[in-house]
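The following exercises are to be worked through with the sequence and the three-dimensional model at hand. Each task is followed by a solution in steps.

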Amino acid sequence: MPVIAPMPTTRRARVPFRRDDAVETTASGTTVDHLTETYRAHYRSLLGLAALLLDDTASCEDVVQEAFIRVHSARKRVRDPEKTLAYLRQTVVNLSRSALRRRILGLKLLSKPMPDMASAEEGAYDQLERDALIKAMRGLQRRQREVLVLRYFADMTEAQVAETLGISLGSVKAYGSRGIAALRVAMGAKA
């Protein structure tokens, strides 16, 4: 059985921790001092960048603060301190895009109205009305019923109904008018 030896680790050189101003500096990466200076010098310009992408001040401030937090967390990966500002700008743009995506998704979800649930009484009343309508429709002449069903339930135009039934447009209008009048009488008598 082969013996697996652990890989030797190499240690990065560290500059000693300075106690006087409590700042840790690494041999590579952006220092906390440099990030603080960048914050003081460029906070307003980064806020302006976020304002061009977002519409309210609170979101802009949140995005810029989050960008500085993320850069601070990843400061050792930013090898060239001169690129810290570019890294911050890109982070602000990405976070602004994410904020906009969340808003758009929220608007899409809010734009869909929630279905209204009828109470049991309303549902029973609607069922009674439907039953009365179906009974009244069965009492109509065959052509009147066909015209009304195609016109109002199938949502066809008068011309489409005429073509489907093979009758004239005037006949569709006449059957529809007479059918509605007969339904009013039948439904009025039930109520």
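**Exercise 1. Salt bridges**

How many salt bridges does the count come to? Describe the pair formed by Asp56 and Arg103.

*Solution.* The structure is a predicted model. Step 1: the criterion is a side-chain nitrogen of Lys or Arg within 4 Å of a carboxyl oxygen of Asp or Glu. Under this criterion the count is five salt bridges.

Step 1: Asp56 belongs to the loop between helix H1 (32-53) and helix H2 (57-73), while Arg103 belongs to helix H3 (residues 84-111), so the bridge ties together parts that are 47 residues apart in sequence.

Step 2: buried means under 20% relative accessible area and exposed means over 50%, with partly exposed in between. Asp56, with a relative accessible area of 29%, is therefore partly exposed. Arg103, at 28% relative accessibility, is likewise classed as partly exposed.

**Exercise 2. Glu146 and its partners**

Determine which salt bridges Glu146 forms with Arg142 and Arg143, and where these residues lie.

*Solution.* Step 1: the side chains of Glu146 and Arg142 form a salt bridge with an N to O distance of 3.0 Å. Both residues are part of helix H5 and stand four residues apart, about one turn of the helix.

Step 1: Glu146 also forms a salt bridge with Arg143, at 3.6 Å from N to O. Here the spacing within helix H5 is three residues, again about one turn of the helix.

Step 2: Glu146 has a relative accessible area of 23%, so Glu146 is partly exposed. Arg143 has a relative accessible area of 23% and is therefore partly exposed. Elsewhere, salt bridges with shared partners join Asp55, Asp56 and Arg103 into one network.

**Exercise 3. The surroundings of Ser96**

Is Ser96 buried or exposed? Identify its polar partner and its contacts.

*Solution.* Step 1: Ser96 is located in helix H3. Its relative accessibility is 0%, so Ser96 is buried.

Step 1: a polar atom of the Ser96 side chain lies 2.8 Å from the backbone oxygen of Val92.

Step 2: when neighbours within four places in sequence are set aside, Ser96 contacts Ala50, Leu53, Leu54 and Val63.

**Exercise 4. Nonpolar cores**

Describe the largest nonpolar core and state which helix supplies its largest share.

*Solution.* Step 1: the largest nonpolar core contains 16 residues, and those with the most contacts inside it are Leu46, Ala50, Val63, Val64, Phe68, Leu88 and Val92.

Step 1: H1, H2 and H3 each contribute at least two residues to this core. Its largest share, six residues, is supplied by H2.

Step 2: Phe68 may be examined individually. Apart from neighbours within four places in sequence, Phe68 is in contact with Leu35, Thr38, Tyr39, Tyr43, Leu46 and Leu88.

Step 3: there is also a second, separate core of seven residues, including Val161, Ala162, Leu165 and Ile167.

**Exercise 5. A nonpolar surface patch**

Which residues make the nonpolar surface patch of about 330 Å²? Classify the accessibility of Phe153.

*Solution.* Step 1: the patch is made by Val149, Tyr152 and Phe153.

Step 1: Phe153 is a residue of helix H5 (residues 142-153).

Step 2: the relative accessibility of Phe153 is 56%, and Phe153 therefore counts as exposed.

Notes: Residues are numbered from 1 along each chain as its sequence is written. This is a predicted model: local features need pLDDT of at least 70, side-chain atom pairs count only at pLDDT 80 or more; totals for chains, interfaces and linings use all residues. Side-chain values use heavy atoms; hydrogens and water are left out. Patches are made of residues with over 30% relative accessible area and no salt bridge: like charges are joined within 9 Å, nonpolar side chains (Val, Leu, Ile, Met, Phe, Trp, Tyr) within 5 Å. Accessible areas come from the Shrake-Rupley method with a 1.4 Å probe; for residues, only the protein chains shown count as cover. Buried means under 20% relative accessible area, exposed over 50%, partly exposed in between (1.4 Å probe, protein chains only). A polar contact is a pair of N or O atoms within 3.5 Å; within protein, one must be able to donate a hydrogen and the other to accept it, and residues adjacent in sequence count only if both atoms are side-chain atoms. Contact means heavy atoms within 4.5 Å. A nonpolar core is a set of buried Ala, Val, Leu, Ile, Met, Phe, Trp, Tyr and Cys residues joined through side-chain atoms within 4.5 Å.
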